Amino acid sequence: MRITAARVIVTCPGRNFVTLKIETDQGLTGIGDATLNGREKAVVAYLEDHVIPCLIGQAADQIEHIWQYLYRGAYWRRGPVTMRAIAAVDVALWDIKAKAAGMPLYQLLGGRSRDRVMVYGHANGADIAETVDAVGRYIDMGYKAIRAQSGIPGIKDAYGVGRGTLHYEPADAALPSETTWDTAKALAHVPQLFEALRATYGFDHHLLHDAHHRYTPQEAASLARRLEDFRLFWLEDLTPAENQAAFRLIRQHSTTPLAVGEIFNTIWDAKQLIEEQLIDYIRTTVVGAGGITHLRRIADLASLYQIRTGCHGATDLSPVTMGAALHFDTWVPNFGIQEYMRHTPETDAVFPHDYHFEDGFLHVGDTPGHGVTIDETLAARYPYQPAFLPVAMLEDGTMWNW
Ligand code: CS2
Ligand code: MG
């Protein structure tokens with residue numbers, strides 16, 4: 001089976017998505033997600049100018065060979081743009097291979113390790129009271145695990161507090177919107193949020209929190225220790241992880257479980273974190289870390305150290321990624337949890353899929369392939385809209401980590 005054509009479909013049903021569609025000489029097609037929030041057009045160009053010309057004529061069933069060709073052949077290795085382009089090709093080819101085999105993708109990976117996939121949703125509010133109510137709504141929807149983020153007194157546009165009750169999209173302007181940060185105010189506030197949540201709902205539900213790279217290692221260690229009594233499922237992205245060794249300090253002071261990795265794009269970004277057991281969950285994704293082929297390698301390394309997967313699943317990862325991730329989650333032995341920020345009805349209409357949510361779990365479908373398609377006619381009705389992620393600054397104007 002040979003690749004005869006490939007094209008990039010950009011659509012914006014409320015937010016931008018970049019999808020690669022690969023066609024073969026046996027009539028089978030496959031799709032992969034290539035969305036990089038705030039930098040979508042960079043991946044479009046990388047695919048159209050530097051990847052697709054190399055795919056035509058290649059054997060569609062040689063997934064590993066093509067992965068190695070695109071990774072080693074680029075010479076300039078790694079990075080979010082390159083690895084998302086490779087991921088899109090990889091997932092489209094796995095989709096085709098599973099269709100050719102007449103089986104859902106999870107069967108091709110090795111079959112079920114579980115009958116359903118535990119997910120967590122995003123509850124947020126302008127203040128503690130609103131966030132407590134929002135968590136209650138997620139409990140009423142059946143969620144077993146809920147991420148809680150609240151506005152922080154004195155901080156403009158604190159991370160994770162969206163507009164509206166269910167859907168949150170941070171890429172909100174044609175140029176980066178400016179938000180502020182103040183670590184002292186955050187360190188004083190976050191423990192109060194989880195004290196209120198545990199006092200209201202007890203310990204029957206998993207609670208998670210995303211620190212979104214805002215703290216220094218010492219501040220991160222302090223927060224992790226102060227939250228220990230509230231028994232979080234995880235504290236995420238506590239401190240920028242370019243310096244993987246920084247997590248040693250956090251580990252020395254706290255047993256709060258740690259999750260990192262949504263912005264990682266290869267195994268090398270996490271190797272030290274995993275080998276030194278500095279984290280408990282690895283957040284790398286199908287779209288962000290080179291597709292199924294590479295994510296499988298990361299999960300296998302993590303399993304040697306009893307580290308579990310916790311794939312990122314924000315709205316800026318398309319339903320194609322969610323679908324492929326669910327097949328991965330259904331197979332991977334060291335599964336932890338799957339993030340599930342619901343897409344809007346407009347997005348779901350552009351990307352018909354066979355997975356469904358029930359009582360706090362996502363259930364993968366059994367359609368051959370990854371179970372997600374794209375309605376190209378509908379997609380064409382939503383042209384690309386420039387959208388940047390915000391930037392964050394300290395109150396004196398110092399650039400910080402958004
Ligand atoms: C967040 C993301 O869901 C999360 O854990 O870190 O929503 C992140 O802010 C976005 O994916 C950025 O585009
Ligand atoms: Mg995050």
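Predicted model: local features only at pLDDT ≥ 70, side-chain atom pairs only at ≥ 80, totals over all residues.
## Arg 15 and its contacts

Let's stay with Arg 15 for a moment. Its relative accessibility is 7%, so Arg 15 counts as buried. Leaving aside neighbours within four places in sequence, Arg 15 is in contact with Thr 35, Asn 37, Glu 40, Glu 169, Ala 171, Thr 315 and Asp 316. With Asn 37 there is a polar contact between the side chains, 3.2 Å in length.

Arg 15 and Tyr 382 are 367 residues apart along the chain, but their C-alpha atoms are 9.2 Å apart in space.

Now for the metal. The magnesium ion (ligand 2) is held by Asp 210 (OD), Glu 236 (OE) and Glu 262 (OE), at 2.0 to 2.2 Å. Written as a pattern along the sequence, the spacing of these donors is D-x25-E-x25-E. Asp 210 belongs to strand S7 (residues 206-210) and Glu 262 to the loop between strand S9 (258-260) and helix H9 (271-275), so the pair ties together parts that are 52 residues apart in sequence. Both Asp 210 and Glu 262 are buried.

Ligand 1 has 15 residues around it, and the closest are Asn 37, His 212, Glu 262, Arg 283 and Glu 339. Some names come back here: Glu 262 is also a magnesium donor, and Asn 37 is the polar partner of Arg 15.

How is the chain divided into domains? The assignment gives domain 1 (3-104) and domain 2 (109-367). Taken over C-alpha atoms, the domain centres are 26 Å apart. Where the domains touch, 27 residues come from domain 1 and 35 residues from domain 2.

The largest nonpolar core has 116 residues, and Ile 22, Val 89, Phe 194, Tyr 215 and Leu 238 have the most contacts inside it. Helix H3 (residues 80-101) is the biggest giver, with eleven residues. Domain 1 and domain 2 both supply residues to this core, so it lies between them. Apart from it there is another core of ten residues, including Met 118, Phe 233, Tyr 281 and Ile 337.

Not counting residues up to four places away in sequence, Ile 22 touches Ile 3, Ala 5, Ala 6, Leu 28, Thr 29, Gly 30, Leu 55, Val 89, Ala 92, Leu 93 and Ile 96.

## Buried spots elsewhere

Helix H7 (residues 217-226) has several buried residues: Glu 219, Ala 220, Ala 221, Leu 223 and Ala 224. Among the elements covering them are helix H6 (183-201), strand S8 (234-236) and helix H8 (247-253). Helix H6 also holds Leu 193, which is buried at 1% relative accessibility. Leu 193 touches Ile 128, Thr 131, Ala 148, Gln 149 and Ser 150, neighbours up to four places away not counted. Leu 193 and Ala 148 are 45 residues apart along the chain, with 8.4 Å between their C-alpha atoms.

His 370 lies in the loop between strand S14 (361-363) and helix H13 (376-379). With a relative accessible area of 1%, His 370 is buried. Its side chain reaches the backbone oxygen of Ile 31 at 2.8 Å. Other residues that His 370 touches include Val 91, Asp 95, Leu 105, Val 320 and His 327.

Which residues have a positive phi although they are not glycines? Tyr 75 is one of them, at about 65°, and Asp 237 is another, at about 45°. Tyr 75 is in the loop between helix H2 (63-72) and H3, while Asp 237 is in the loop between S8 and H8.

Are these residues buried or exposed? Tyr 75 is exposed, with a relative accessible area of 62%, whereas Asp 237 is buried, at 2%.

Terms used: Residues numbered from 1 in each chain as written. Chains lettered and ligands numbered in written order. Heavy atoms only, no water. Donors = N, O, S within 2.8 Å, 3.2 Å for Na, K, Ca; no water. Helix = DSSP H or I, 4+ residues; strand = E, 2+ residues; numbered from the N terminus. Buried < 20%, exposed > 50% of the residue type's maximum accessible area, 1.4 Å probe, protein only. Core = buried A, V, L, I, M, F, W, Y, C linked by side-chain atoms within 4.5 Å. Domains from an automatic or database assignment. Contact = heavy atoms within 4.5 Å. Near = heavy atom within 4 Å. Polar contact = N/O pair within 3.5 Å; in protein donor to acceptor, adjacent residues only side chain to side chain.
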